[in-house]
Amino acid sequence: MQTKMQTDLGMSHKIHFESKELTAIHETELFRTKYRVMDKVAHLFGAASEKLKPVIHNFQLPKEVGEKRVKIFRGENYLQLPYVVMDYPALFGKVDVFAYRTMFWWGNFFSFSLQLSGLYLEKYQKHLLTNLNELEGKEFYFCVNSTPWQYHYNADNYLFLDDLLKDGGSMINKQFSERNFVKLSHRIKISEWNNVSKKCAETFQLLMNITGAERKQFTNQPHA
């Protein structure tokens with residue numbers, strides 16, 4: 001049986017490089033620039049995690065979530081473009097997911113998303129349904145896809161939350177009933193890179209507020 005590779009090799013005489021592709025093949029500085037950019041974004045996310053850490057500690061999150069360490073990783077091919085992701089705080093189970101994901105997608109945006117499913121959705125769903133209107137006017141998006149693993153903002157993946165809130169909540173209730181996860185997201189332009197740390201922390205706090213996550217009570221210890 002002929003393999004795909006053999007078939008592809010057999011068709012090699014049909015390959016034609018366009019002038020734009022040949023120019024790109026000879027370009028080396030782009031990849032050096034890309035490496036520097038991706039490295040800087042990873043460091044930017046590291047700084048954002050430090051800004052986010054005290055906000056996380058203000059809330060009584062499930063212990064297994066709150067104890068998770070920062071995870072920053074990069075990839076080359078989300079819809080054929082490079083990306084950098086920070087998951088913090090985040091726990092991914094087969095069914096139970098609590099994930100706050102910060103993402104840089106080359107040429108597109110920085111985004112900040114909360115994904116809940118399983119036990120964590122059950123825990124926070126009631127408060128979410130009650131409090132979602134607190135995000136109105138704050139440029140949040142609601143995932144309407146059948147899968148939570150897409151991150152673009154096309155209409156088959158995200159809808160503007162304000163539009164879903166217009167009918168008094170019936171569209172939101174319909175979205176909750178049709179899928180076994182909830183995903184809320186906010187994005188900023190790449191040109192706003194200097195605000196990533198601030199936006200990361202602020203967005204997480206807004207999202208925790210609407211979940212009804214309890215705040216920790218800190219008592220002042222008397223001085224010795």
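**Labels and their grounds**

Modeller: Start with helix 5, which has a kink of about 50 degrees centred on Q125. Bear in mind that this is a predicted model.

Colleague: What makes that a kink of about 50 degrees at Q125?

Modeller: Two axes are compared, one fitted to the seven residues ending at the site and one to the seven starting there. For helix 5, centred on Q125, the bend comes to about 50 degrees.

Colleague: How do you know that the span of helix 5 agrees with its residue count?

Modeller: The expected span is 1.5 Å times one less than the number of residues. Helix 5 covers residues 119-131, so its 13 residues should span 18 Å. The end C-alpha atoms are 19 Å apart, which agrees.

Colleague: Which residues of helix 5 are buried?

Modeller: Y120, L121, Y124, L128 and N131. Each counts as buried because its relative accessible area is under 20%.

Colleague: Why is K34 called buried?

Modeller: The cut-off is under 20%. K34 has 16% relative accessibility, so K34 counts as buried.

Colleague: What is the salt-bridge partner of K34?

Modeller: E76, with the closest N and O atoms 3.0 Å apart. The limit is 4 Å, so the pair qualifies. E76 lies in strand 1 (residues 71-78) and K34 in helix 3 (residues 29-57), so the bridge ties together parts 42 residues apart in sequence.

Colleague: Is E76 buried or partly exposed?

Modeller: Partly exposed, at 48% relative accessibility. That label runs from the 20% limit for buried to the 50% limit for exposed.

Colleague: What makes R36 and E29 a salt bridge?

Modeller: Their side chains meet at 3.4 Å, N to O. The cut-off is within 4 Å, so the contact counts. R36 is partly exposed at 42%, and E29 is partly exposed at 37%.

Colleague: How do you know that K174 and E178 are separated by about one helical turn?

Modeller: They are four residues apart in helix 7, so the separation is about one turn. An α-helix has 3.6 residues a turn, so residues three or four places apart point the same way. The side chains of K174 and E178 also meet in a salt bridge, at 2.5 Å, N to O. K174 is partly exposed at 45%, and E178 is also at 45%.

Colleague: How many salt bridges are there in the whole structure?

Modeller: A search finds seven.

Colleague: Why is S170 called partly exposed?

Modeller: Its relative accessible area is 44%. Buried needs under 20% and exposed needs over 50%, so S170 falls in between. S170 is in helix 7 (residues 170-178).

Colleague: Why is I25 called exposed?

Modeller: Exposed means over 50%. I25 has 52%, so I25 is exposed. I25 sits in helix 2 (residues 19-26).

Colleague: What makes the nonpolar surface patch that includes I25?

Modeller: I15, F17, L22 and I25 make up the patch, about 400 Å² in area.

Colleague: What is the overall picture of secondary structure and burial?

Modeller: There are eight helices and seven strands. Of the 224 residues, 41% count as buried. The protein exposes about 13900 Å², with carbon and sulfur atoms supplying 53% of it.

Technical notes
Residues numbered from 1 in each chain as written. Predicted model: local features only at pLDDT ≥ 70, side-chain atom pairs only at ≥ 80, totals over all residues. Heavy atoms only, no water. Patch = residues over 30% accessible without salt bridge, like charges linked within 9 Å, V, L, I, M, F, W, Y side chains within 5 Å. Areas by Shrake-Rupley, 256 points an atom, 1.4 Å probe, with all protein chains shown as cover. Helix = DSSP H or I, 4+ residues; strand = E, 2+ residues; numbered from the N terminus. Buried < 20%, exposed > 50% of the residue type's maximum accessible area, 1.4 Å probe, protein only.
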